[in-house]
Amino acid sequence: MDTSQYLEMFIEESKEHLQACNEHLLELEKNPEDIAIVNEVFRSAHTLKGMSATMGYEDIANLTHKMENVLDEIRNNRLHVTADLLDVVFTAVDQLEEMVLDIAAGGNGKLDVADTVQKLHAIETGEEVPVAATTVEETVTVDSSNVQNWLNYDDYELTVIQQSLEQDYHTYEIYVKLREDCLLKAARVYMVFELLEKMGDVIKSSPSVEKLEEEDFDEVFYIALVTNEPKDDVQKKLMKVSEVTEVVVQAVTLEQLKTRQQDELSKVEEEKQVAVQTPEQTSETTELQPEKKEKSSAPKGNTPTSSKTIRVNIERLDVLMNLFEELVIDRGRLQSISEDLRNAELDETVERMSRITGDLQNIILNMRMVPVETVFNRFPRMVRQLARDLNKKINLEVIGAETELDRTVIDEIGDPLVHLIRNSLDHGIESPEVRKSKGKPEEGTVVLRAYHSGNHVFIEIEDDGAGINREKVLKKAISRGIVSEEVALTLTDKQVAELILSSGFSTADVISDVSGRGVGLDVVKTTIESLGGTIEISSTEGKGSLFSIQLPLTLSIISVMLVELGEEIYAIPLSSIIETAIIRSSDILNAHNQKVIDFRGKVVPLVFLEDVFDVPRESTKEEFHSVVLVRKGDKMAGLVVDSFIGQQEVVLKSLGAYLTSVFAISGATILGNGKVALIVDCNALII
Amino acid sequence: MTEAVDVQNVKVVVFQLADKEYVIPVTHVQGIEKLTHITRVPKTPSYVKGVINLRGVVTPIIDLRNRLGLGESNLNEASRIIIITLEDMNVGVIVDSANDVLDIPTDSIEPQPEVVGGFEEDYIAGVAKLDSRLLILLHMHLVLNPIKSGV
């Protein structure tokens, strides 16, 4: 999963939670008996654990997990809050902060927390906190955390290690961490062991092999391996096992093992022994260091990009958009004033302002753009699931997921796409057997494609399935009364294909819960049209179908043509206008009670807007009529108006929750003079 | 008036329609505006006067007289538009005049007596008697029930 988009949120929230932890821990120090405070800390730690695990920061998750365990013990009164205990918890919080800051600075959030984890574990299991007696020793313990005592060996095992070392074999102690949500831990353990056994001999593991097989461990286990493979190879091979998140391999020398054993035998001599051990360990640490640097340098290459962006609340962008809309309205007003006044200087200023607001408009609209990826993301899983439900083999290809669209469009487009994809899977792609018999590959392909073109975004869904069966569709359409038999004969293949978008249509012989009862595609069409878009279908029987959706880049500011009807002004979206014309009354013909004109060889029905909108005035008999020719798909209509005012960019506003779905009105806008003009919904006027 | 009484009071806006006084709780009132240009919206019920530009927001306006079946409003200088907010919906209602803001004790509000005939009674939530004034409390949710026209 790509989590980079949540990174900033993660960092902010982590900081908040750590801050809360710190505050509450300080309070807890003052009131050690207050369980409520422990609960607070626990909650923060828990959230942090969940977030960091999701984001893949294992060290943070690991440390918080241990911290949580300790807190849980306190909560359940099995542990008492002591200064020593708090010290360790504070160290843990400090380290967490360090890691979060590292992530914020572009690092990978890795930090050696084994020492603190161990201490926390010790507390949890009831052992006393090893209190550092002197500062010298403290540094030593920190150093030795690089070579930890992961495993203890008995004499027999030691002999084996000794012998293998003499024969130039290496002994490694290996730390393996599985994903927290790993489901088949035993299986992963088996895979790890199998790999290791190919490379050498496993001489010990902790927990024991039996326990590992029973999945009786958290996410971490340790293995001792004797092999002649180099250290890095072992590590890399183990990382190949899926759901293994972390592998640390450390070489073991006989001296170390002996000192370790002696440590346990004589704790009195500990200090001296450790001191002897130090030089060797430094060589070990230097060996580890470059590797670590390498690790952290890779993600650092990404940092410049994160520093160049800031996170802005979407609401603020909406406010900005609203303010800008006001500005557009005022710009319109200024333009109309300057036209009336005809003052050269004013004209110039207004002209300049118009240009600047135009640029501003582009910038603001761009800020609201969101890649369609946010919608496309969920489809691969959905297709996988559906394909399984339908017993079909389907491969989904997603192309152009980075194409950007206005956020308002993005919010709306999800459901229609789901419908269309379901439709393609259910009705389009045939079952593997059918496909095979037709000489197609068993696996069907559905391509989801998005791209920009001009002022529009296209989203296409293409499948290589059965395509649309003309006869079947026509038969159904006739039986449902969607088209008459006479009309059906004249329809082109494309028109037939588009019949499946009509309401009350379903070609599936068996109604499945996948693509419903044919209401789906009807809804798809209405939704897309309400977004100011169009949908087209082209299909070749036997080869597949292509659903092509055309959407405007933005919804909030549109170009319209203002027209006058009596005293009233209406706006017609430029996107549906083909052209304007002036016609004579004598050019109007009558056909089946419908007034039509012959326009460039085509018969175009006329719609008298004053009648449709019941414009209050005495009817006038004019010689000439102004006509706006609009289209909806392949159909055309001529809207008769009184006069044209001109073209303008306007801000689309809704009529509010009280007036929903007014006939042939898609919204309103505020004109330069402050009055409201209604926007004509041409789609409703063309039948 | 003591504070204890205040708690049981409801603050209302009083307005005139025909010869009666009506009230609506101030919590529903967003503002009172003078008449401005109303853009007619075609194919809507007769009581929908149209929409206005209320500081950049397109707000529908209804003629309350007409809505309550009291005939058409005579728009004049005294006419006001009361902007009412119900949930996420803003609607302006035209009234003859907006008179007052009053505190009326909740216990003075009585349910509408059922003997009164007429169309408007469906929308009356109660009647409050204050001194010699009779104030009619409107049920705004019913009055401003969203309409779907032309469908």
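View 1. Where pLDDT is low, the predicted coordinates should not be read in detail. Chain B as a whole averages a pLDDT of 80, and 85% of its residues score at least 70.

These views show a predicted model, in which local features need pLDDT of at least 70, side-chain atom pairs count only at pLDDT 80 or more, and totals for chains, interfaces and linings use all residues. Residues are numbered from 1 along each chain as its sequence is written, while chains are lettered from A and ligands numbered from 1 in the order in which they are written.

**View 2. Chain B holds an open sheet of 6 strands.** Follow the order E8-E1-E2-E11-E10-E9, in which the pairing is mixed. Strands (E, at least two residues) and helices (H or I, at least four) are DSSP runs, numbered from the N terminus; two strands pair if DSSP finds at least two bridges between them. Strand E8 (97-105) and strand E9 (109-110) of chain B each have a single partner strand, so one side of each is left without a neighbour in the sheet. Elsewhere in the sheet, strands E1 (residues 9-17) and E2 (residues 20-25) of chain B pair in the antiparallel sense over 6 bridges. Look for B:Val14, which stands opposite B:Val23 in E2(B).

View 3. Which residues of H8(A) are buried? They are A:Lys185, A:Arg188, A:Val189, A:Val192 and A:Leu196. A residue is buried if 20 or more other C-beta atoms, placed from the backbone, lie within 10 Å of its own, exposed if 12 or fewer, and partly exposed in between. Among the elements that cover the buried residues of H8(A) are strand E1 (170-178) and helix H10 (231-239) of chain A.

**View 4. In chain A, strand E17 has partners in two senses.** Strand E16 (residues 594-599) pairs with strand E17 (residues 602-608) in the antiparallel sense over 4 bridges, and A:Val603 is the bridge partner of A:Asp598. The hairpin of E16(A) and E17(A) has 2 residues between the strands, and here A:Arg600 takes a positive phi near 45 degrees. With strand E19 (residues 635-641) of chain A, E17(A) pairs in the parallel sense over 3 bridges; there, A:Val607 has A:Leu639 as its bridge partner.

**View 5. Here chain A meets chain B.** In this view, 22 residues of chain A are in contact with 25 residues of chain B. Strands E21 (659-660), E22 (665-670) and E23 (676-680) of chain A each supply at least two residues of the side that touches chain B. By class, this side of chain A has 13 nonpolar residues (Ala, Val, Leu, Ile, Met, Phe, Trp, Tyr, Cys and Pro), 5 charged ones (Asp, Glu, Lys and Arg) and 4 polar ones (the others, Gly among them). The predictor gives the complex an ipTM of 0.83 and a pTM of 0.49.

How values were computed:
Two residues are in contact if their C-beta atoms, placed from the backbone, lie within 7 Å. pLDDT is the predictor's confidence in each residue, from 0 to 100.
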